[in-house]
Amino acid sequence: MNIETEFRIIGKPIPRHDAYEKAMGLTQYAADFSLPGMLYGKVLRSPHASARIISIDISKAKRLNGVRAVLTAKDVPKNESVTRFGQTHALGGGFEGLYRVLADKKVHFLGEPIALVAAETEGIAEEALEKIKVEYEPLQGVYDSLEAMKSDAPLVEEGRSNIITHFEVIKGNIEEGFAGADVIVENTYRVPHVDHAYLEPESGVAWIDENGIVTLRVSTQVIEHFRGIADVLNLPHNRVRVIAPYVGGGFGGKEDITVESFIALLAYKTKRPIKLTYTREESIFCHSKRHPYVLEYKTGAKKDGKLTALQARLVSDAGAYVYLSPWVLTYSMVTAAGPYRIPHVKVDGYTVLTNNIYTSANRGFGAPQVCFAYESQMDELASRLKMNPLEIRKMNYLEKGEALATGEILEHHVALQETTQKAYQALGEKTKAKGHHKVGQGIASGMMSYGRMIFLHDTSRSYVSMEMDGSVTVRAGVQDIGGGQTSSLAQIAAEILGVSLEDVKVYFGDTALTPLAGTTTATRQLYMSGNATLMAAQEVRKTLLIMAGKIMEMDPERLDLVDREVVDKEGSDKSLPLVDVVRACASDGLPLYNVALYKAPFRNLTQFKRIEGPVFPDFTHGTHAVEVAVDEETGVVKVLKLIACYDVGRAINRLSVEGQLEGGAIYGMGYGLMEKIIIENGVIKTPSFSEYLLPTSLDAPEVQTILLESGDGVGPFGAKGVGEPSLNSIAPAIANAVYDAIGVRIFDLPLTPEKIVRVLKERNQRIGKR
Amino acid sequence: MKKQKTYLLEIILNGEWKKVEVEPQETLLYVLREKFGHTEVKEGCGKGDCGACAILLNGKPVNSCLTLALQADGQTVVTLKGIGTPEKPHPLQESFVKKGAIQCGFCTAGMIVTAKGLLDKNPQPSKDEIQKAISGNLCRCTGYKKIIEAIEEAAQKLQRTMNNKR
Amino acid sequence: MEYIAPNSLLEITKILMRLKGKATLIAGGTNVIPRMRTKAIKSDILIDINRLKNLSFIKEEKNRIRIGGLTTIAALATSKVIQKHAPILFDAANQLGNPLVRNRATIAGNLADASPAADIAVPLLALEAKVVTVRSGKPLKEIPLDQFFLGPNQTVLRKDEIIKEVTFPRPNSKAKMAYVKLGLRNAMAISVVSLAVMLEVQGNHCKKARIGLGAVAPTPIRAYQTEAILIGEKVTTELINICSKKVLDEISPITDIRASAEYRREMTSTLFRRLGQKVTL
């Protein structure tokens, strides 16, 4: 790939166009917006994880002065639907799930919504909640995914098995694989529920506009939910409009419907604008979490380190509702064997309903969980074989043109060799240990897809137009959750059309006014909407250059657009102001705009049980290298060095890419060291940020990022997506570094000080016994 | 419904005297957002665990969610919009933009307020001092690195401006 | 809800006597407001004592240090007097909560809240602090801090009694002290275990020993028996090790979401040993 071309804007570390407004405090997030006559909404939620609803008495609540509506399940036009969760066509199998707006006869998880209130003030709405009397009959529930798989386990949802789906990956012959192994390492890994913990709690305002359109302005990653909301209200899709302002963090937690159905219903019923904002406690209790997994791994290798076999059983806790659990499991299945050449592979994956909080998308979407397992396994093998962790990986890494265990061929550059080498080198000499500390270094690499699974037939649309004065308008349904999703589109348009970033205005996130660009999930926006914007901008450029060529009597191929002028690539001083070309086009009735549709590769599936063949458009590869100091007596882990080396394809905005890698590293570090939603019998014991711990500035080490640009991504200018890949391998890198420091491995996250002290004690007792 | 008793609150908000009737349990955060329209002050957690609501009370950064509005009566309150405006941006705002220290932006207002409080007291903070000063401001997007770099750069810029004035 | 912001201590004590427990006192608000949020506090009357100007001070006197009840934790954390004379209090103040909270939280508030992990109480216990309280029409009362706490979030304070100031004897310049807080992260952490040790050694022998512990009992505590072992003895590594085991007899930690009782016991022992070595070197 040719990366020598000098770009004017692409690749430069320029400030994002939305940063200025945010720095000035001008950006209006969902909760910052108000309308005259606005009501306030609150949700009554179940205090039980599993119970029958005997009766609901809303009479006292309705009579409270200032209350304008109290709704229960029977007031919802379509309370239940089988949702295809973002698929545009039916896939069948386990990829669909029940979406229930309000609990009806039973509650299935603690926090499940039961009733909605709209009132003149938030205080009155809260008071009304207390006046709603619900009679419950607590039922036995099931709170462990392995227990829930048993045939005698209580059913979470009547009439269906707790096991949502079972997937398989089969390559070669697993018995043969282990028979040919000189060493076999078998371990069970466990990873917990964690929260997205975006700083902005869920929020939205809904109203009926002057044309009777149900309009929502909501913090969301998916404006396409307008369809699901319309279905809930039994309205045609074109009578519901969703607007997404800048989102204060999403990470997958705002990928499913959160407040939308509630505010739409209350606005529809009261005919007044209504705002609903979750408290932080409500957000922690009631929105989706990352899937906890039980990961049983068995890996075999020859004594020279070559992998021969990998067998794994993955069980994820889907919580009380299906949501995206089968999708997440698919991602885990595809990457379960890691980016390695393994002749014999057998993976069985299950996702299981329980009466815990429902689980769904969270940055990484099933890939970080298996990465923790397979990268720990690699170091376990290295230890058994007395090999350097770097060497055992290098000899087994897949190369471009080779296939994953599922048979998917890696068609684009695989940068594992060089990212691992560079990350490892950047670690440098081990820092000298002081006092009670032991210092360890560890590496872990990962691969994660960007772009949605190809059997979802993903598309994105973007509209680019040039105004009469040479300024540029982009309209795209992109939801901007902080990763520079809209800014990249502005950069691409500016680059292609020869204007500055300030000359481009992006209108985004409005189902009525911007072409739908698809979800801001799956690390797909730069890839999909970036390409769509590129295509649209190139069409406009073509029109302009053909006209310029006509005026200047030159071959359009010789012309370029730079700084609002048409110039000669070959250096002569022939030039033309851009505005002149624009006027000429307009006067000739030529289109100075284009709406482009970008299609990802498409594939149709005939069966879903066995995951095989191509699943993703491409993958991003990278390695984390970590140095830690472990206090052997207290178990406290301090991260001394953290290096992230990734092949980003092409960095569209250098600052943004670094920001994703730095932020992703700390997001993953939290997963590795301190984050856990403690849940017992369906009750969350970590209700606020006092109990659920995120890394503070005093916990985060300085992240060193090393960007490689192979140019071989499928995004615009050869870019790859980094939003999710950036955190994939951080937790196992830390676990491997801790192992290097203290010589004992911990098989479950997070690596808390107490766990470390416990394994050291057990190890010392074992040694003592000998 | 019982009418809640209200009290007159008078504060110097971003340099101007402002007054409004408030209820005793209303926090400064609530009043700033809902009664004075300063929605740049954010609620992230409502109980002092995240710093998104930080404002300067008599020059000191505090969580406005942990301060009753009436406790600020007669005192000076400065929010992000009192630190810099589009007409006259503060070096902190400029360096946050320039250094890529803003992703989703939700922590930004509180972060800049806290940084301003720091630089007012300690114009040349070390990296450690910056890290400590913002340890009550959570960020989920950036990993803090570019935020710290932005504060360092703003401090240097302010020092240069001070030195030039001499 | 009613809000009263008296201008003098006299006024407050009179109001408290009249209202007899129907009111909630608020100072910095960093504990009271979260309680109001969860409806743990339901009273209809708020009395704001944060206005009182003359209750915020740090005074070094000939024989003692006096700290006004409304002195913020931030003031303690930046006070040269405290840093010089009571470094364990200085260290604890610098690690309590986070910088924003420290700008509002008060010493009286931290003590009156009486969390078993009250960060400020631990060094104050080692410093043999006294709490000076005031009630309407009554003389000032001095309560030794080790008699102040009754249980989790329970103190001997009557409903009409306010903490006016906290005092402790100015430590001997020869006194060595050390503080450690173990938390699950480096800021905004509720203590898993916190420990303060003050030793006065003359010649080779320990003349005085004071040990404060937090988060390992229903209240912050002193470890009297361990102190007794040290006093009069030559402080050796061996003695410190013995004490690090003895101290376990005096604590009664629980298992909660932050840590198990067993881990807290082990850490108390480990951290005591480290602090003990630190103050005897």
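Predicted model: local features only at pLDDT ≥ 70, side-chain atom pairs only at ≥ 80, totals over all residues.
Residues are numbered from 1 along each chain as its sequence is written, and chains are lettered from A in the order in which they are written. Local features need pLDDT of at least 70, side-chain atom pairs count only at pLDDT 80 or more, totals for chains, interfaces and linings use all residues, and side-chain values use heavy atoms, with hydrogens and water left out.

Student: Are helix 10 of chain C and helix 11 of chain C roughly parallel or roughly antiparallel to each other?

Tutor: The axes of helix 10 (residues 237-246) of chain C and helix 11 (residues 261-280) of chain C come within 8 Å and cross at roughly 150 degrees. Angles under 35 degrees count as roughly parallel, over 145 as roughly antiparallel, 65 to 115 as roughly perpendicular and the rest as oblique. Helix 10 of chain C and helix 11 of chain C are therefore roughly antiparallel.

Student: How do the residues of the contact of helix 10 of chain C with helix 11 of chain C divide into nonpolar, polar and charged?

Tutor: Contact means heavy atoms within 4.5 Å. Residues of helix 10 of chain C, including I240(C) and K245(C), meet residues of helix 11 of chain C, including F272(C) and R273(C). The residues of this contact divide into three nonpolar, seven polar and two charged.

Student: Which residues does L544(A) touch, not counting residues up to four places away in sequence?

Tutor: L544(A) is among the residues that touch the most other members of the largest nonpolar core, which has 241 residues. Such a core is a set of buried (under 20% relative accessible area, 1.4 Å probe, protein chains only) Ala, Val, Leu, Ile, Met, Phe, Trp, Tyr and Cys residues joined through side-chain atoms within 4.5 Å. With that sequence limit, L544(A) touches M466(A), L497(A), L561(A), L578(A), V581(A), V582(A), C585(A) and L592(A).

Note on methods: Buried < 20%, exposed > 50% of the residue type's maximum accessible area, 1.4 Å probe, protein only. Axes fitted to C-alpha atoms, helices over the stretch in contact; angles between N-to-C directions. Helix = DSSP H or I, 4+ residues; strand = E, 2+ residues; numbered from the N terminus. Nonpolar A, V, L, I, M, F, W, Y, C, P; charged D, E, K, R; others polar.
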